[in-house]
Amino acid sequence: MTASNHDPVDDDQLLGSVRLRGTRHRAWLRDGEPSVARRLAQIGVLGWIVVVPMLLGVFAGRWLDRTFDSGLFCTAPLLMLGAALGCWSAWKWTQTA
């Protein structure tokens, strides 16, 4: 048998979370509290991240429906797909911000 160089401490999720919290706390102490304008800008960006894919889905769906004369057959699913994509993108953005 060979000895493994793998440290079980590296896999500990609690330890990783504590290190991440410490890093964020040190960054907060260094940078301070974000301004109200920055918070409002983040809310605005978050709104656009959700709305733009929905609008693209609606415009593409309406174009396809007019092209194939299919009522709302393409608009509704593409709107839902755009909403799902927008919410997923917003979730990912909030995780990195």
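What follows is a dialogue on how terms are applied to this predicted model.

Student: Why is Cys74 called buried?

Tutor: Its relative accessible area is 19%. Buried means under 20%, so Cys74 is buried.

Student: And why is Cys87 called partly exposed?

Tutor: Cys87 has a relative accessibility of 47%. That value lies between the 20% and 50% cut-offs, so Cys87 counts as partly exposed.

Student: How do you know how many disulfides there are?

Tutor: A disulfide needs a pair of cysteine sulfur atoms within 2.5 Å. By this rule the count is 0.

Student: What share of the protein is buried?

Tutor: Of the 97 residues in the protein, 11% are buried. The accessible surface comes to about 8,200 Å², and carbon and sulfur atoms hold 67% of that surface.

Student: What makes Asp69 stand out in its backbone, and where is it?

Tutor: Asp69 has a positive phi of about 50°, although it is not a glycine. Its place is the loop between α2 (36-68) and α3 (75-96).

Student: Is Asp69 called buried or exposed, and why?

Tutor: The relative accessibility of Asp69 is 72%. Exposed means over 50%, so Asp69 counts as exposed.

Student: How do you know which residues are listed as "transmembrane region"?

Tutor: The listing comes from UniProt, in an unreviewed entry, and names residues 40-60 and 72-91. Such annotations may be inferred rather than shown by experiment.

Student: What does the model show for those two spans?

Tutor: Residues 40-60 are 100% helix and 0% strand, with end C-alpha atoms 30 Å apart. For residues 72-91 the end C-alpha atoms lie 29 Å apart, and the span is 85% helix and 0% strand.

Student: Which C-alpha separation is found between Leu55 and Leu79?

Tutor: Their C-alpha atoms are separated by 7.4 Å, and the two residues are 24 apart along the chain. Leu55 is found in helix α2.

Student: Why is Leu55 called partly exposed?

Tutor: Leu55 has a relative accessible area of 39%. This falls between 20% and 50%, so partly exposed is the term for Leu55.

Student: Why is Ala97 called exposed, and where does it lie?

Tutor: Ala97 lies in the segment after α3. At 65% relative accessibility it is over the 50% cut-off, so Ala97 counts as exposed. Ala97 and Gln42 are 55 residues apart in sequence, yet their C-alpha atoms are 8.9 Å apart in space.

Student: How much space lies in the largest pocket, and which residues lie nearest its centre?

Tutor: The largest pocket holds about 360 Å³ of space. Its lining has 13 residues, of which Arg24, Trp28, Gly32, Pro34 and Arg39 lie nearest the centre.

Student: Which helix gives the most to that lining?

Tutor: Helix α1 gives the most, with 6 residues. Both α1 (13-31) and α2 supply at least two residues each.

Methods. Residues are numbered from 1 along each chain as its sequence is written. This is a predicted model: local features need pLDDT of at least 70, side-chain atom pairs count only at pLDDT 80 or more; totals for chains, interfaces and linings use all residues. Side-chain values use heavy atoms; hydrogens and water are left out. Buried means under 20% relative accessible area, exposed over 50%, partly exposed in between (1.4 Å probe, protein chains only). Accessible areas come from the Shrake-Rupley method with a 1.4 Å probe; for residues, only the protein chains shown count as cover. Helices (H or I, at least four residues) and strands (E, at least two) are DSSP runs, numbered from the N terminus. On a 1 Å grid over the protein atoms alone, a cavity is a set of points where a 1.4 Å probe fits but cannot get out, and a pocket is an open set with protein on both sides within 12 Å along at least five of seven lines; lining residues have an atom within 4 Å of a point. Grid points are joined across faces, edges and corners, and a volume is the space filled by probe spheres set on the points.
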